Amino acid sequence: MSQSLATAGPVAELALTGDLARPARLTVPGLLTWRQHRADVSFECATSGIQRHRFTGPLLHDVLTAAGPGFHPTRRKDRLRFLIAVDGADGHRALLSWAEIDPDFGRAPVLLAVTIDGTSLDLVGPQLVLPQDRCGARHISGINAIRVDGGYRLRA
Ligand SMILES: Nc1nc2c(c(=O)[nH]1)N[C@H]1C(S)=C(S)[C@@H](COP(=O)(O)O)O[C@H]1N2
Ligand SMILES: [Mo]
């Protein structure tokens with residue numbers, strides 16, 4: 001591929017949908033406008049062994065909160081029914097619970113990374129980074145969809 005094609009290549013887009021007041025289409029350039037965090041992670045892969053990487057990007061919790069998830073603003077209990085489904089463009093998928101990344105519950109500092117080892121992810125798409133995971137499998141690369149799902153509320 002010529003360099004002009006490479007640099008003008010399409011920037012990957014991620015669809016943020018679900019029980020949200022403000023669904024959005026997110027790109028790496030757009031995610032760079034958020035407060036950036038850094039994570040030096042090491043994880044083990046069953047096939048390729050131990051890997052170490054430095055990632056930067058916004059907190060997943062910050063980005064999802066800004067999209068207006070449909071839970072009660074102050075009743076913490078109402079958040080517990082929400083799940084977060086993260087899809088890679090290749091069909092790899094992992095689920096997180098909202099409580100896992102919520103500062104009032106699991107407080108996991110999960111990133112929606114926009115760089116890996118100093119290289120931009122704008123062509124591939126953002127990567128999920130879970131510093132708490134021993135295994136690499138949830139570090140989904142090339143994310144093209146995130147769905148926030150509150151399920152059904154059985155009682156008010
Ligand atoms: N989109 C996508 N992301 C993925 C995977 C995958 O198959 N598809 N594999 C996971 C696994 S099993 C590991 S260990 C890490 C690192 O995988 P790598 O060695 O292929 O970089 O990426 C994770 N992210
Ligand atoms: Mo893996």
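Two strands pair if DSSP finds at least two bridges between them.

Ground rules: this is a predicted model, where local features need pLDDT of at least 70, side-chain atom pairs count only at pLDDT 80 or more, and totals for chains, interfaces and linings use all residues. Residues are numbered from 1 along each chain as its sequence is written, chains are lettered from A and ligands numbered from 1 in the order in which they are written, and side-chain values use heavy atoms, leaving out hydrogens and water.

Entry 1. I looked up an open sheet of five strands and got the order β2-β1-β11-β5-β6, with mixed pairing. β2 (24–26) and β6 (93–97) sit at the edges with a single partner strand each, so one side of each has no neighbour in the sheet.

Entry 2. I checked β1 (residues 14–18) against β11 (residues 143–149): they pair in the parallel sense over four bridges. A15 is opposite A145 in β11.

Entry 3. Next I followed β5. It pairs with β11 in the antiparallel sense over six bridges, and L83 faces D149 there. Five bridges join β5 to β6, also antiparallel, with V86 opposite A94 in β6. In their hairpin, four residues lie between the strands, and G91 takes a positive phi near 95 degrees.

Entry 4. I found another open sheet, of four strands, ordered β3-β4-β8-β9 with antiparallel pairing. In it, T115 stands opposite S120 in β9.

Notes
Helix = DSSP H or I, 4+ residues; strand = E, 2+ residues; numbered from the N terminus.
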